[in-house]
Amino acid sequence: MKFPMYKKETKEKGYHDDPFRAVNFNVDSDGDLVCPGGKKFHFAYRKAVRGNQYGRQEEYYTCEDCSGCLYASQCKKTNKNRTVCINSELSSRHKEVLENLESIQGALLRMNRSIQAEGTFGVMKYDRWYKRVVRKGLNRVKLEWLLVSIGYNLSKFRNKKMRLPEAA
């Protein structure tokens with residue numbers, strides 16, 4: 001499945017190849033990130049991703065010294081040294097997704113998905129004018145969705161019954 005910034009990362013070369021994105025920074029022999037200005041970023045701290053229940057963590061790196069850098073105006077937005085956040089697990093997942101989507105099987109699946117319409121939901125939204133859930137609370141939402149689904153199935157059943165005598 002495509003991730004939120006998939007189109008921007010794959011289609012826009014200016015964004016993908018931007019040398020000031022932390023993902024595009026070089027890594028030296030010590031494992032430190034190096035910006036286009038040649039300044040090293042050292043590991044500052046590790047912090048859990050907010051709202052993530054799986055314990056994923058982000059690593060924060062701070063530049064050693066941005067003063068006197070030729071690219072400071074393009075690279076950072078504040079007067080302080082630049083800090084970047086790297087989520088290595090998320091980056092590896094993005095690479096895996098890109099590999100899967102760019103494979104032959106992934107291209108076939110994408111093509112198939114673009115051809116097929118989500119028929120049931122389309123009928124419910126446009127033909128039955130059901131655009132949004134009105135109830136609040138999980139049990140009430142389930143009940144509303146169940147009633148809408150039953151109505152859809154009854155409508156299909158009625159239409160099928162009406163077609164049978166015509167065919168005979």
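Me: Why is Asp30 called exposed?
Reply: Asp30 has a relative accessibility of 57%. Exposed means over 50%, buried under 20% and partly exposed in between (1.4 Å probe, protein chains only), so Asp30 counts as exposed. Before we go on: this is a predicted model, where local features need pLDDT of at least 70 and side-chain atom pairs count only at pLDDT 80 or more, while totals for chains, interfaces and linings use all residues. Residues are numbered from 1 along each chain as its sequence is written, and side-chain values use heavy atoms, with hydrogens and water left out.

Me: What makes Lys40 and Asp30 a salt bridge?
Reply: The N to O distance between their side chains is 3.5 Å. The rule asks for a side-chain nitrogen of Lys or Arg within 4 Å of a carboxyl oxygen of Asp or Glu, so the pair qualifies. Lys40, at 24% relative accessible area, is partly exposed. By this rule the count comes to six salt bridges.

Me: Why does the pair of Lys40 and Asp30 tie together parts that are apart in sequence?
Reply: Lys40 lies in strand β3 (residues 40-48), whereas Asp30 sits in the loop between β1 (26-27) and β2 (33-34), so the parts being joined are ten residues apart in sequence. Strands here are DSSP runs of E with at least two residues, and helices are runs of H or I with at least four, numbered from the N terminus.

Me: How do you know that Glu144 is buried?
Reply: Its relative accessibility is 8%, so Glu144 counts as buried. The side chain of Glu144 meets that of Arg135 in a salt bridge, at 3.7 Å from N to O. Arg135 is partly exposed, at 47%. Elsewhere, salt bridges that share partners join Asp28, Asp30 and Lys40 into one network.

Me: Why are Glu89 and Arg93 separated by about one helical turn?
Reply: They are four residues apart in helix α4, which means a separation of about one helical turn. An α-helix has 3.6 residues a turn, so residues three or four places apart point the same way. The side chains of Glu89 and Arg93 meet in a salt bridge of 3.8 Å, N to O. Glu89 is partly exposed at 35%, and Arg93 is partly exposed at 47%.

Me: How do you know that the span of helix α4 agrees with what it should be?
Reply: Helix α4 (residues 88-102) has 15 residues, so at 1.5 Å a residue it should span 21 Å. The expected span is 1.5 Å times one less than the number of residues. Its end C-alpha atoms are 21 Å apart, which agrees.

Me: Which residues in α4 are buried?
Reply: His94, Val97, Leu98 and Leu101 are buried in α4. Seen down the axis, these buried residues fall within an arc of 100° (taken from the directions from the helix axis to the C-beta atoms), so they line one face of the helix. The face turned away from that buried side carries the exposed residues Lys95 and Glu99. Leu101, for one, has 10% relative accessibility. Leu101 touches Lys2, Tyr6, Gly106, Ala107 and Arg110, not counting residues up to four places away in sequence; contact means heavy atoms within 4.5 Å. The C-alpha atoms of Leu101 and Lys2 are separated by 8.0 Å, though the two residues are 99 apart along the chain.

Me: What makes Glu9 buried?
Reply: Glu9 has a relative accessible area of 16%, so it is buried. Glu9 is found in helix α1 (residues 6-11). Again leaving out residues up to four places away in sequence, Glu9 touches Phe3, Tyr15, His16, Arg21 and His94.
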